[in-house]
Amino acid sequence: MGEAARHENEMVLKNDLAAVAEVRRFVRLVTGQWDMDDFVPCLVASELVTNALRHASASGDDVTFRIGRTDDGALWLEVQDATCDLPRIQCADTISEVGRGLFIVDQFARCWGIRPLTGNAGKVVFAVLDPT
């Protein structure tokens, strides 16, 4: 998936946490078309988008969410933002309501990672989920 390619299953989100609910609706729609269960994809998409909106988009830049399929039928989720700050798994205490996003992604994804964009234009955080 190249940065310049136009994606059919793509959403551009304003820097507003209310967009997370829109992403979940979008994921349900797309996974429904592919006859896939939507619970884990919605959870992982929510965490990726929330992280990008909370931590990476302080500049007010848009965040782009994409969903697709891999050659073997797995689900590909990615979030692109305009900062080069790298996300990391945090140690959340037992009562904290934040800090578990990438831990959750790590638990449910076949793999996940970060791809920097050329020219320090930002990054893409992606996760691959096995089909269910």
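Me: Where does Asn 9 sit relative to β1?
Reply: Asn 9 is in the segment before β1, which covers 10-13. Keep in mind that this is a predicted model.

Me: Is Asn 9 buried or exposed?
Reply: Buried. Its relative accessibility is 17%, and the cut-off for buried is under 20%.

Me: What does Asn 9 touch, leaving out residues up to four places away in sequence?
Reply: Phe 26, Val 30, Trp 34, Phe 65, Arg 66 and Ile 67.

Me: OK, Thr 64 next. Which strand is that in?
Reply: Thr 64 belongs to β2, residues 63-69.

Me: And why does Thr 64 count as buried?
Reply: Because its relative accessibility is 12%, and buried means under 20%.

Me: What are the contacts of Thr 64, again skipping residues up to four places away?
Reply: Thr 64 touches Glu 10, Met 11 and Val 12, plus Glu 78, Val 79 and Gln 80.

Me: How far apart are the C-alpha atoms of Thr 64 and Leu 13?
Reply: 6.0 Å, although the two residues are 51 apart along the chain.

Me: Zooming out. What's the order of elements?
Reply: From the N terminus, β-α-α-β-β-α-β-β. That is three helices and five strands.

Me: How much of the chain is buried?
Reply: 43% of the 132 residues.

Me: Now the largest nonpolar core. Which residues touch the most other members?
Reply: Leu 13, Val 23, Leu 48, Val 49, Phe 65, Ile 67 and Leu 77, in a core of 28 residues.

Me: Which elements each supply at least two residues of this core?
Reply: β1, α1 (19-33), α2 (39-56), β2, β3 (75-81), α3 and β5 (123-129). The most comes from α2, with seven residues.

Me: Take Val 23. What does it touch, not counting residues up to four places away?
Reply: Met 11, Leu 13, Ala 45, Val 49 and Phe 65.

Me: Last topic, α3. Which of its residues are buried?
Reply: In α3, residues 101-108, they are Gly 101, Leu 102, Ile 104 and Val 105. These cover an arc of only 155° around the axis, so they lie on the same side of α3.

Me: What's the helix geometry behind that?
Reply: An α-helix has 3.6 residues a turn, so residues three or four places apart point the same way.

Terms used:
Residues are numbered from 1 along each chain as its sequence is written. This is a predicted model: local features need pLDDT of at least 70, side-chain atom pairs count only at pLDDT 80 or more; totals for chains, interfaces and linings use all residues. Side-chain values use heavy atoms; hydrogens and water are left out. Helices (H or I, at least four residues) and strands (E, at least two) are DSSP runs, numbered from the N terminus. Buried means under 20% relative accessible area, exposed over 50%, partly exposed in between (1.4 Å probe, protein chains only). Contact means heavy atoms within 4.5 Å. The arc is that of the directions from the helix axis to the C-beta atoms. A nonpolar core is a set of buried Ala, Val, Leu, Ile, Met, Phe, Trp, Tyr and Cys residues joined through side-chain atoms within 4.5 Å.
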